Amino acid sequence: MHYQKMFNNNCMKYPITIFFLFFQLSSISQELEFRTNSRTVLGNGVEKSASISVGDIDNDGDLDVLVANGRHWPEPNMVFFNNGRGIFTVSKLLDNINETSYATESADFDNDGDLDVAVGNDMAPNAIYLNDGSGNFTRASNFGNDFSPTRNLKTIDIDLDGDIDILITNRGKENEICLNNGKGEFTEIIKFGSKDDSTIDVEVVDIDKDGDNDLVLANRDQQQNFIYLNNGQLNFTKKIAFGTGTDETRAVGIADIDNDGFLDIITANIREPNVIYFGDKSMGFSRSIQFDASSNSSYSLSIGDIDGNGSKDIVVANSRTPNMVFLNFNKEASWKEIQLRKQDLATYDIILADLNNDNRLDIIESNSDAVNYYYINRLVDKK
């Protein structure tokens with residue numbers, strides 16, 4: 001914590017790069033670098049940040065950032081506006097109230113052409129904020145059951161009717177699918193999972209290739225992880241188990257890691273290795289590898305082609321150990337590990353997004369009780 005206090009007090013005084021990471025690409029003349037300095041932070045406050053999401057909130061052609069703060073303690077949620085170069089020189093409160101927010105996502109819920117915001121709260125009503133098109137928000141309605149222990153949100157058109165719905169994961173209570181009526185109102189709720197599920201994350205994808213959206217759940221508290229298959233009518237009675245059955249899984253991602261045409265499941269686990277479960281025709285997910293053999297407390301992950309070699313890479317957010325980048329080579333045959341920062345943060349969320357419009361994926365962290373950092377992904381000439 002001493003380092004963090006020094007950074008908070010001094011980082012804005014000295015415009016220097018505080019940390020670099022390099023590794024050699026297949027090209028002998030360039031290297032990959034994740035650059036962070038005193039300007040690549042989302043404000044200088046120290047909130048209990050739990051979630052981040054990106055989108056062009058003010059319709060100016062670049063990606064802005066939403067930060068959900070509070071977790072179990074009420075704090076204000078924030079909007080950070082991009083100046084077009086990957087620097088966030090303007091920010092404001094999403095609302096003038098403090099909330100116990102765990103998640104925030106942006107989507108055009110009312111079909112008017114701009115991005116609105118959904119906020120998921122712990123033991124407080126979840127809220128929809130409608131955008132006026134310029135990044136000004138009005139709290140319009142609530143969604144889901146009030147006073148649920150919400151941990152995550154997923155925004156997607158799950159019923160394929162042309163509008164964006166919201167999935168809510170609740171730790172220790174049934175999870176919810178909130179269906180949009182096309183106007184940004186979510187009056188119909190479908191439950192999934194059981195009443196005692198400790199679900200932290202969910203991915204929505206047509207994993208069995210039958211034309212509808214299925215659910216892939218990450219469960220904590222040594223509960224079995226499941227795939228819930230959709231029967232085409234949002235009925236999820238058929239389940240496929242994956243993992244050991246006693247994993248402490250906090251996040252899940254979906255991608256074709258080995259480029260074989262089948263979707264794979266990537267898990268971030270607490271105090272155990274992080275694992276990829278490979279899909280095949282059998283839908284058994286029995287083949288797996290530990291891409292991260294550590295026993296860190298991993299809270300979040302994000303997937304994308306970070307180094308531009310055509311393979312899906314993974315970034316992992318850890319609590320009290322450094323966050324990591326895992327670069328995928330030769331269709332998951334080998335991995336290159338890169339540590340983002342020599343600092344033990346409590347990172348609750350990590351995402352990939354192109355913040356400076358250079359067609360390279362940058363990394364953004366959501367840290368509890370620390371500054372929220374981001375890292376610009378650059379190719380630099382070898383010296």
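**Ground rules.** I am working from a predicted model, where local features need pLDDT of at least 70, side-chain atom pairs count only at pLDDT 80 or more, and totals for chains, interfaces and linings use all residues. Residues are numbered from 1 along each chain as its sequence is written, and side-chain values use heavy atoms, leaving out hydrogens and water.

**Strand E29.** I found 6 of its 6 residues buried, so the rest of the structure largely encloses E29. Buried means under 20% relative accessible area with a 1.4 Å probe, protein chains only. Asp 362, Ile 364 and Ser 366 point one way from E29, while Ile 363, Glu 365 and Asn 367 point the other way. In a regular strand the side chains alternate between the two faces of the sheet.

**Its neighbours.** I checked pairing, which requires at least two DSSP bridges between two strands. E28 and E29 run antiparallel, joined by 6 bridges, and Ile 350 stands opposite Glu 365 in E29. On the other pairing, 2 bridges join E29 to E30 (residues 374-381), again antiparallel. E29 and E30 make a hairpin with 6 residues between them. I noted Asp 369 in that turn, with a positive phi of about 65°.

Conventions. Buried means under 20% relative accessible area, exposed over 50%, partly exposed in between (1.4 Å probe, protein chains only). Helices (H or I, at least four residues) and strands (E, at least two) are DSSP runs, numbered from the N terminus.
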